[in-house]
Amino acid sequence: MVSCLSRPTHRVSLEDKLYPLLDSYNALPRWLQSVLGTAYRHLPQGWRYGARYGEFKKLATAGETWTGEGIHDYQLRQLRAVLHHAANHCPFYQRSFLRAGFRPENLHIPSDLKHCPLLEKQQLQEHLNDLVSAEIPASRRLYMTTGGSTGVPVGFYLQKGISRPKEQAFLDAMWRRAGYFDGARLAVIRGHVTSSRTEGRIAHSDATRDWLMLSSYHLTLERLPEYLETLEKFKPDFLHAYPSAALQLAEYLEKSGQTWRSPLRALLCGSERLTLPQKRLLERVFNCRTYRWYGHSERVVLAGEGAQSELFYFFPQYGFVEFGPPNEEGLREVIGTSFHNLVMPLIRYRTGDYVRLAEPESPASLEYPWPAAVDVAGREQEFLISATGRRISLTAFNMHDPVFDDLYAVQFYQDQPGVAELRYVAGPKFQDSRLDHIQERIRRKLGDDFRIAFREVKAVEKTPRGKHRWLVSQLPESNPEGLS
């Protein structure tokens, strides 16, 4: 069995070292980006992704052949390592475990974790520094943020040399179930900003990977033919897209009586919910498999469809997953404990995402002996509508920088195309002077055919299940036909 991969490492990938310079790289002239990016792309994988990438790649594939006993032993070792590290080096967990009377040495089987207290998103907002390990130096931390599927901004730390190589390795292994291979040409429609102008360019090349990056913000009826022409010229092996973007292309092709003419090996669709009828539509129009998976920026648990099955299988070697009690709809919340990231372990973290668990006739009917879900709920395809009719996915809008730090919640309200109100719940450290910077960052994503107003509120509107919402829209077209 592959080693537990919890030992310290001091070898950081080039990707982690260069990540703080990404904005500077994107500001360079295109010809210089092409020269530097091409040179970077031809470096060995171990240099680009780090020395641990190869180990995680082996771990990701080896787990598919593990027995139930092998899974149990690996998860028990990882849980003990994470819990003991948290108890010894993370002040938040020291206090939390003491209050709950929880002792890591009493974990004898993975299910004993149920005696450990849950971790809420608000606790990440309020106790970030105390959740960080005092043993690992600050130079090993990589700060990230996300609003996830809920509009609750959360900041957290990944571990340089560990978290990003691990994620890349598991994604590569998962996508290979759909035919992915090293060096594949991907066309990507996943929140990339190519221009903040309504009539700006829709695509540019990412020379670091030989991928085509297309805008998620210019998918209007008038410009969809331009997207199709650009895609056909690039001839990608895979289309990697938000489901909402892929569906807009597919529905345009069907309604205009056109056919997709550039053969694809597969569509890779994550980050938003994609129902089976929508998946069938994409497979019919693009004449290839549509592969779905579930993950999140915090990198706690990961699940993807099998090579043959359409169930979402949770990797037992990526993180430890639990499920909350069923609600009135039979959905269960995903609760995860991260492996390998010792900079900031997340233990029994309530993700706010809900799944409908599979109910196989017998464990033998599953492609892998892992926890499996039929559907992932709560990541709906929500859109802001611009003055010129552009549909902007709130998934694409998700920020991964500190722009929303110190805000407890953010939510868009829209009742008029091209105009939106950003409602926010301020934390005690938030300063109004930051609103100008927030507005600048939002305008860069939304474009020049939007007006934004700000309003501080004590609470934002929630769903009937009590979950935060990114968007409250009074527009009939905010969730267009076919995307419900």
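I started at L186 and listed what it is in contact with (heavy atoms within 4.5 Å). Leaving aside neighbours within four places in sequence, L186 touches W175, Y180, D210, W211, L212, F234, P236, F238, H240 and L268. The model is predicted: local features need pLDDT of at least 70 and side-chain atom pairs count only at pLDDT 80 or more, while totals for chains, interfaces and linings use all residues. Residues are numbered from 1 along each chain as its sequence is written, and side-chain values use heavy atoms, with hydrogens and water left out.

**Cores**

I looked up the nonpolar cores next. A nonpolar core is a set of buried Ala, Val, Leu, Ile, Met, Phe, Trp, Tyr and Cys residues joined through side-chain atoms within 4.5 Å; buried means under 20% relative accessible area, exposed over 50%, partly exposed in between, with a 1.4 Å probe and protein chains only. The largest core holds 82 residues, and Y93, W175, L186, F314 and M344 have the most contacts inside it. Helix α6 (residues 68-89) gives the most to this core, seven residues. Another core of 32 residues lies apart from it, with A187, A250, C269 and V285 among its members.

**The 12-strand sheet**

Helices (H or I, at least four residues) and strands (E, at least two) are DSSP runs numbered from the N terminus. I counted two strands as paired if DSSP finds at least two bridges between them. I found an open sheet of 12 strands with mixed pairing, in the order β4-β5-β3-β6-β7-β8-β9-β10-β14-β13-β12-β11. Its edge strands, β4 (203-206) and β11 (319-323), each pair on one side only. Neighbouring strands are turned by 35° against each other on average, direction ignored. Helix α11 (residues 224-234) packs on this sheet and touches β3 (186-192), β4, β5 (211-215) and β6 (238-241). The direction of α11 makes about 175° with that of β5; axes are lines fitted to C-alpha atoms, for helices over the stretch in contact, and angles run from 0 to 180 degrees between N-to-C directions.

I then checked β14 (residues 372-377), where five of six residues are buried. Strand β10 (residues 312-314) is joined to β14 by two bridges, antiparallel. F312 has A373 as its bridge partner in β14, and Y313 has A372. Strand β13 (residues 349-357) is also antiparallel to β14, over four bridges; Y354 stands opposite A377.

**The four-strand sheet**

I noted an open sheet in the order β19-β18-β17-β20, with mixed pairing. The edge strands β19 (451-456) and β20 (471-473) each pair on one side only. The twist averages 20° from one strand to the next. Strands β17 (residues 407-416) and β18 (residues 419-426) pair antiparallel over seven bridges, and Y413 has E421 of β18 as its bridge partner. Helix α15 (residues 435-446) packs on the sheet, touching β17, β18 and β19.

I located D405 in the loop between α14 (394-397) and β17. Not counting residues up to four places away in sequence, D405 touches Y143, T145, F430 and R434. The C-alpha atoms of D405 and Q125 are separated by 8.4 Å, although the two are 280 residues apart along the chain.

**Helix α3**

Last, I looked at α3 (residues 30-41), in which Q33, G37 and Y40 are buried. Seen down the helix axis, the buried residues of α3 fall within an arc of 55°, so they line one face; the arc is that of the directions from the helix axis to the C-beta atoms. Their cover includes α1 (14-18), α2 (22-26) and α4 (45-49).
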